[in-house]
Number of protein chains: 2
Amino acid sequence: MRAGGSRSKAMATLFRGGSVLNPGLEDRVVEADVLVEDSRVAGVRSGLHAGDDFDVVDCEGLLLLPGFVQTHVHVCQTLWRNLSDDLPLMEWLRGWTWPMEAAHDADSMRASARLGFAELLLSGTTTVNDMGSVRHTDVIVEEARTMGIRGQFARVLMDDHDGPKALLDDPDAAVKESLALADHFHDPSAGTRIALAPRFAVSSSLRLLELVAAAAEDRNLMVHTHCAETKEEVRLTEGRFGMRPIALFQALGLMNENLLMAHCVHTSPTEHESIAVGGASVLHCPTTNLKLGSGTAPIMDMMKAGVRVSLGADGAACNNNLSMFREARTASLLQKGLHGPDCLPAWDVLRMATMDGATALGMGDEIGTIEAGKFADIVVLDPHRCCSVPFDDPAGAIVYSMGPSNVLHVMVGGRMVVRDGLLITADVEEVMTEAQEASLRLRKRAGL
Amino acid sequence: MRAGGSRSKAMATLFRGGSVLNPGLEDRVVEADVLVEDSRVAGVRSGLHAGDDFDVVDCEGLLLLPGFVQTHVHVCQTLWRNLSDDLPLMEWLRGWTWPMEAAHDADSMRASARLGFAELLLSGTTTVNDMGSVRHTDVIVEEARTMGIRGQFARVLMDDHDGPKALLDDPDAAVKESLALADHFHDPSAGTRIALAPRFAVSSSLRLLELVAAAAEDRNLMVHTHCAETKEEVRLTEGRFGMRPIALFQALGLMNENLLMAHCVHTSPTEHESIAVGGASVLHCPTTNLKLGSGTAPIMDMMKAGVRVSLGADGAACNNNLSMFREARTASLLQKGLHGPDCLPAWDVLRMATMDGATALGMGDEIGTIEAGKFADIVVLDPHRCCSVPFDDPAGAIVYSMGPSNVLHVMVGGRMVVRDGLLITADVEEVMTEAQEASLRLRKRAGL
């Protein structure tokens, strides 16, 4: 499985002869070569010259797409995929996810992250916004770097809930730990970021949320949380804080461009106005919302109000798959089913899956399109598969027909991480075997 | 791509050491060997002995599932995949599907069918209920036999519509042609069947529907049609016949076990009672219904009323993919999103995708489960993929996590058609190239 290792060390790569797709630009399709030097795109135009020591990738008949940006995942939950189906959110959290997170040790966290990143890279995701657990976030960041995926990472914060004691934070110590992670890992210029992540209002004290708001402002860090995922969550938030989640975040001074709110299934047009005015982002996770019976987020209304909506697969334990192809298609199909077949056409949903995700994470100048100067985060797709032939409009083909089997090469920051469909930054067989074994041990520790 | 040709000729095959899944039986999971002699399963039990000339397939750690049964597809439409997105049904029919069907010649029909069957087999579908066009149904049946997929096939019937003249049938001649196809191909004992297929009420005269009803009863043939797919279709049917589609089919004497109605998105609880009492089947196509903006069929209410619901991907031109994994997952997720997370759990939707489809097609005694005496229609799945590890409940893993990349081997009627993920009854590269070229020519002929 470790193919192409030597090639991946080349300092310059030339992707020759493909169609370059940029859902986030006006010129969405150009036939061009793409030159990558070190970690960044050096040029996008026809007839680029390859030096002797260049790695030349023949892209004749292939599509180059900016890497997918998933703005809401939990790679710490990959180990309980296929173990916790057919449950509503709170039962799923209390019955599986909290006990399993509480039982995580560094080894199981490593196995969980590695499996998640392997699946994400092999299906074309190059950047994630990940919410971890209360411990071992450092392990997640290390594995992201080893396997070559870009991301923003966060230690989850939860200090007021009826879950396992091992997940019960002291608010001051927990925020301090998050800031220590930021001291160690936060490096926007290298594409690794640390966020603050109160799980949701329902597991937070007011003091925790206030500490988060102060630290986020003080350090210019993003805040990654769940918001209005279920009716029950909204009701519990109202019971605890006397207001709905959106009003709460607004009252705390959090409603700004640094706020990343996953789900927002149960929000109103008035709330969408507040989100848009504040500049916060909604992280849409359509599969999870269906699977946990939460409903479908009103994203057409949000977008009409000017809210930035991006996409995420959420955790493998509630999806149960991490492919962006699936999320993009599900997002588009749901809106068509609800509001008509011309809603959320393929180019729009591809922009959500790339550029809008980059903008949400404050990385719009660095990733999200294939342009000179940006990080070289590039997915090469082969449309020549039974599921996607005949081939005409590339966006429609990607969203409605393709899947991970169409992913041929993946580059992150100039480093080739998938080549000819094979992961080259980890041994996939080893990753899967370790994950299967770690899952069994974790389950035993959790008593499940 | 033509691997394992000689092996596929073995008269006996032993699948050794896998987990045999039968969503349609009480014993849903048994660890057993499966012996296949000629076209049928000879035994399902542990410790079966392999003769010297047996093809022994090592299934240690693998899952054996009855082949998927798709009860509503149109392989004649595969050539305009990715060409007709974001349109409502009637615009899609008038703007693309009718002109393209009208322009089909035998060669383009052959290319379309071959591409569709290749994708279907590679993703584990072993039986289809296919609705063709007004011409070249014989080509579809021939290619199904060549490529090794089982099915029920039908010449579409449409004698009263504003579509292309080339699709305007004379009702008597058209039904006569369908019966000639039945004379030639209908052979339930070999697993090939012919049905009668008035496209939908909106493109039919009363005379055509009456001829179909009489011929179906006379020859004991099934009737395959579209029903209540959109509100507009229901309205147009009421305008033409003075009643809604379900009442119309009932008035014609068609509401019995031989009636296969695709979609039924806009039907009422009272209509579900009628369908259940009559014993007709609903063919649920959730992706198409979303993509064309038709809505979501009320299948929970149908099933509560006792209606048999099975699944189909519909055509590649309105889906745009033919994988049953996708339909099964979408069906389950939609009902969870609408009615709660415990709706349509994985085993139930897998039964819809196998045994319920077999029963709908009147083939419940021949296919739908892996049992001694039935045709050997078997899919071998490898759960050891990044997207489906860790692995625990097999049904959940198949429905929520897996996709075509998990399909390792496929057998239809004792004939191995996919081995180690490769199609062995056709050259896939050739199939794709021919389809791409035929699509361009067809489009030119249709002036699109």
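User: What makes the crossing of H11(A) and H12(A) right-handed or left-handed?

Analyst: In this predicted model, the crossing of H11(A) and H12(A) is right-handed, a word used when the near helix is turned clockwise from the far one by less than a right angle. The contact behind this crossing is made by Met324(A), Ala328(A), Ala331(A) and Ser332(A) on the side of H11(A), and by Ala346(A), Val349(A), Leu350(A) and Ala353(A) on the side of H12(A). Divided by class, the residues of this contact are seven nonpolar, one polar and no charged.

User: Why are H11(A) and H12(A) called oblique to each other?

Analyst: The axes of H11(A) and helix H12 (residues 346–360) of chain A come within 10 Å and cross at roughly 130°. Angles from 65 to 115 degrees count as roughly perpendicular and those over 145 as roughly antiparallel, and H11(A) and H12(A) are therefore oblique to each other.

User: How do you know that H2(A) and H3(A) are oblique to each other?

Analyst: Helix H2 (residues 106–122) and helix H3 (residues 137–147) of chain A pack at an angle of about 40°, with their axes 9 Å apart. Only angles under 35 degrees count as roughly parallel, and H2(A) and H3(A) are therefore described as oblique. Their crossing is right-handed, and the residues in this contact divide into ten nonpolar, no polar and three charged. Among those that meet are Arg110(A), Arg114(A) and Phe117(A) in H2(A), and Ile140(A) and Glu143(A) in H3(A).

User: What makes the relation between chain A and chain B a two-fold rotation axis?

Analyst: Chain A is superposed on chain B by a rotation of 180° with 0.0 Å of shift along its axis, at an RMSD of 0.0 Å. The two copies are thus related as by a two-fold rotation axis. Of the residues of chain A, Ser405(A) comes closest to this axis, its C-alpha lying at 3.5 Å.

User: How do you know that the copies meet through the same surface?

Analyst: The interface residues of chain A are also, to 100%, interface residues in chain B, so the copies meet through the same surface. The contact takes 52 residues from chain A and 52 residues from chain B. On the side of chain A that touches chain B, the elements giving two or more residues include H2, H11 and helix H13 (394–401), while H14(A) gives the most, with five residues. By class, this side of chain A has 25 nonpolar, 18 polar and nine charged residues.

User: Why does the radius of gyration of chain A agree with a compact globule?

Analyst: For 448 residues, a compact globule would have a radius of gyration near 22 Å, and chain A has 21 Å, which agrees. Along its principal axes the C-alpha trace of chain A spans about 65 × 45 × 40 Å, and the chain holds 14 helices and 17 strands.

User: Which values of omega go with the cis peptide bonds from Asn319(A) to Asn320(A) and from Val389(A) to Pro390(A)?

Analyst: The bond from Asn319(A) to Asn320(A) is cis with omega near 10°, and Asn320(A) lies in the loop between strand E13 (308–311) and H11 of chain A. The bond from Val389(A) to Pro390(A) is cis with omega near 0°, and Pro390(A) lies in the loop between strand E14 (378–381) and H13 of chain A.

Methods
Residues are numbered from 1 along each chain as its sequence is written. Chains are lettered from A and ligands numbered from 1 in the order in which they are written. This is a predicted model: local features need pLDDT of at least 70, side-chain atom pairs count only at pLDDT 80 or more; totals for chains, interfaces and linings use all residues. Copies are superposed by least squares on the C-alpha atoms of residues with pLDDT of at least 70 in both. Two residues are in contact if their C-beta atoms, placed from the backbone, lie within 7 Å. Axes are lines fitted to C-alpha atoms, for helices over the stretch in contact, and angles run from 0 to 180 degrees between N-to-C directions. Helices (H or I, at least four residues) and strands (E, at least two) are DSSP runs, numbered from the N terminus. Ala, Val, Leu, Ile, Met, Phe, Trp, Tyr, Cys and Pro count as nonpolar, Asp, Glu, Lys and Arg as charged, and the others, Gly among them, as polar. The radius of gyration is taken over C-alpha atoms; the globule rule is 2.2 Å times the number of residues to the power 0.38.
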